[in-house]
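Colleague: I am new to this one. Could you put the model up and take my questions in turn?

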Amino acid sequence: MSQSTTATLRAFSFGGGVQSVACLVLAAQGRIDFDVFLFANVGEDSEDPRTIDYFRQHAAPYATAHGIRIEELQRIRRDGSTETLWGRLTKEGSRSLPIPVRMSNGAPGTRSCTADFKIKVIGKRLKQLGASEDSPAVVGVGISLDEIQRANNRRSEPYEQITYPLLDLGLRRTDCHRLIRSAGLPVPPKSACFFCPFHRPEAWREMRRTAPELFAKSCQLETLLNERRAKLGKDPVYLTRFGKPLDRAIPDGWDTLPFDEWDETGLCDSGRCFT
Ligand code: SF4
């Protein structure tokens, strides 16, 4: 007796950074197999513009040239309009604080940004493509061996089964760089919202130096959030863990930051951002 079976959907959650681009190269080389790469763009005004430029100028054309399906997704409201994370944060009268801002002791607060703007956006597309609780999609996430602790805390949604192709292949971040260069692609910038409180001090310092307009916008956001909190009688919050405004936490012109060790408490453990 023959039984009809539906092939399991295999999708890759493409973060836009080094690990995700390395996975794209591995797919082009036939070393890993995914039906589609899905990039959840948090917003034209929210993602680091260098990540969006890289996606459109390099990643998407490379995928297309190698016959790999890649899609750029956004969060769409019920009325059909696009919602961005920056838009939600800065909306007049909003009390929403969806990003992992740092409390005065430096610890990150709870966040809903990754769930609302990455996981659910990709989840919606997975369901459109046939994933369900009964038939979960296999979803690849680009965590490399040197960041293996980020994979340990991962919770799956009911319609997906997470897989970590870089861990399966034993590849580190430096291997990803090599793979990307060997494919003739430039190494992409770190992928994240430019104002993300998970940035390491070194990333903020580099932003202040090379993209001062993004640094200034991040400072303005921090000020706006704190003006709102002050009106509600709440403590200030910060984009860094140093308990002071960004402009003072990351001074202009510093050559080295003495406190730039990897911040274990601040890592995004979902693997949907910073991959
Ligand atoms: S990069 Fe940061 S701010 Fe943006 S969605 Fe991820 S955790 Fe939130």
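This is a predicted model: local features need pLDDT of at least 70, side-chain atom pairs count only at pLDDT 80 or more; totals for chains, interfaces and linings use all residues.

Colleague: Which residues surround the ligand?

Modeller: A residue counts as near if one of its heavy atoms lies within 4 Å of the molecule. The residues around the ligand are L85, I99, R111, C113, T114, A192, C193, C196, F198 and C273.

Colleague: Which residues touch the most other members of the largest nonpolar core?

Modeller: A nonpolar core is a set of buried Ala, Val, Leu, Ile, Met, Phe, Trp, Tyr and Cys residues joined through side-chain atoms within 4.5 Å. Buried means under 20% relative accessible area, exposed over 50%, partly exposed in between (1.4 Å probe, protein chains only). This core has 29 residues, and those touching the most other members are L85, I99 and F195.

Colleague: Which element gives the most to this core?

Modeller: Helices (H or I, at least four residues) and strands (E, at least two) are DSSP runs, numbered from the N terminus. Those giving two or more residues are α3 (85-90), α4 (113-128), α8 (201-210), α9 (212-231) and α10 (246-249). With 5 residues, the top contributor is α9.

Colleague: What is the strand order of the open sheet?

Modeller: Two strands pair if DSSP finds at least two bridges between them. The edge strands, β3 (70-73) and β7 (160-163), each pair on one side only. The sheet has 5 strands with parallel pairing, in the order β3-β2-β1-β6-β7.

Colleague: Why is β2 largely enclosed by the rest of the structure?

Modeller: V36, L38 and A40 lie on one side of β2, F37 and F39 on the other, and all are buried. Strand β2 is largely enclosed because its buried residues number 5 of the 5.

Colleague: Which residue is the bridge partner of A11 in β2?

Modeller: Strands β1 and β2 pair in the parallel sense over 3 bridges. In β2, the partner of A11 is V36.

Notes:
Residues are numbered from 1 along each chain as its sequence is written. Side-chain values use heavy atoms; hydrogens and water are left out.
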